[in-house]
Amino acid sequence: MSVLLKKTKEIEKNNLPAHIAIIMDGNGRWAKKRGNIRLLGHKKGVDTVNEIVTAAAELGIQYLTLYAFSTENWSRPKDEVFGLMDLLVTALENNLKKIQQNNVVLRTIGDLNALPPKTRAKLSDACENTKNNTGLNLVLALSYSARWEITNMVKSIAQDCIDGKISVENIDNTIINSHLCTREIPDPELLIRTSGEYRISNFLLWQIAYTELYFTETLWPDFTKEEFLNAIADFQNRERRFGKTGEQVRN
């Protein structure tokens, strides 16, 4: 029995995280180590995306959110930004058939109006074409940052108060959640970050209040299905208490 097959069999199918979020970090460093331009690292990273999306769909994960492009990434060199936008379009064109075959629903969160029109149109078409699928929800975080999201949430709730739709006294977690980009998506249970960095980088700050964190030294282009399974196995070995004592959870 292969190591990968053995690891897959060890995963408890009745204890899978419903929602896994991933900060895909290390594409540039992967390319630099090989004497290549950063964009080649991003292209190799797309191969990893395909592998992990397929693995998540096969396992029965309900939601997979990938931090694909942050609000802060707009400050990178223009050639890299333009290259990333073109790469996104190409990836959608090349992989839509496979996405359909895997019964994946494609969704997006972030300031999509900031994306180039061609990229925005391609994303819109892909989301529309997969909306009736019933398998994995693949959520791409594009031109996204948690502070941007929270700022917009506050503005939206403030406007609803001004318009008399809600009162200040009634603002609670439910109302806050209903004004976030992720209002139709459950909070992540597991957050994975690659490349050896130990920070959240402005990603889903409200939503990860009780998320289990998994950090790996592996650069994203080298992240494999086996390590993805290792992260899930690690999650399954943790005791999630949500503020309670261990005894309360176990009893």
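Contact here means heavy atoms within 4.5 Å. The model is predicted.

**Overall fold**

- The protein contains nine helices and six strands.
- Its radius of gyration is 19 Å, close to the 18 Å given by the globule rule for 251 residues, so the protein is as compact as a globular protein of that length.
- The C-alpha trace spans about 55 × 55 × 35 Å along the principal axes of the protein.

**Helix 3 by itself**

- Helix 3 covers residues 38-59.
- The 22 residues of helix 3 should span 32 Å at 1.5 Å a residue, and this agrees with its end C-alpha atoms, which are 32 Å apart.
- Gly-60 follows helix 3 and has a positive phi, near 100°.

**How a helix pair is described**

- Two packed helices are described by two values, the angle between their axes and the distance between the axes.

**Helix 4 with helix 5**

- Helix 4 (residues 78-101) packs with helix 5 (residues 117-130) at an angle of about 15°, and their axes are 9 Å apart.
- Angles under 35 degrees count as roughly parallel, and helix 4 and helix 5 are therefore roughly parallel to each other.
- In the contact of helix 4 with helix 5, eight residues are nonpolar, four are polar and three are charged.

**Helix 3 with helix 4**

- The angle between helix 3 and helix 4 is about 30°, and their axes lie 10 Å apart.
- Helix 3 and helix 4 are therefore also a roughly parallel pair.
- The crossing of helix 3 with helix 4 is right-handed.
- From helix 3, the residues Arg-38, Leu-39, His-42, Lys-43, Val-46, Asn-50 and Thr-54 meet Glu-80, Gly-83, Leu-84, Leu-87, Ala-91, Asn-95 and Lys-98 from helix 4.
- This contact of helix 3 with helix 4 has five nonpolar, five polar and four charged residues.

**Helix 3 with helix 8**

- Helix 8 (residues 225-236) packs with helix 3 at an angle of about 50°, with the axes 9 Å apart.
- Helix 3 and helix 8 are therefore oblique to each other.
- Helix 3 passes helix 8 in a crossing that is right-handed.
- On the helix 3 side, Glu-51, Ile-52, Ala-55, Ala-56, Glu-58 and Leu-59 take part, and they meet Lys-225, Phe-228, Leu-229 and Ile-232 on the helix 8 side.
- Seven residues in the contact of helix 3 with helix 8 are nonpolar, three are charged and none is polar.

Terms used. Residues are numbered from 1 along each chain as its sequence is written. This is a predicted model: local features need pLDDT of at least 70, side-chain atom pairs count only at pLDDT 80 or more; totals for chains, interfaces and linings use all residues. Side-chain values use heavy atoms; hydrogens and water are left out. Axes are lines fitted to C-alpha atoms, for helices over the stretch in contact, and angles run from 0 to 180 degrees between N-to-C directions. Helices (H or I, at least four residues) and strands (E, at least two) are DSSP runs, numbered from the N terminus. Angles under 35 degrees count as roughly parallel, over 145 as roughly antiparallel, 65 to 115 as roughly perpendicular and the rest as oblique. A crossing is left-handed if the near helix is turned anticlockwise from the far one by less than a right angle, and right-handed if clockwise. Ala, Val, Leu, Ile, Met, Phe, Trp, Tyr, Cys and Pro count as nonpolar, Asp, Glu, Lys and Arg as charged, and the others, Gly among them, as polar. The expected span of a helix is 1.5 Å times one less than its number of residues. The radius of gyration is taken over C-alpha atoms; the globule rule is 2.2 Å times the number of residues to the power 0.38.
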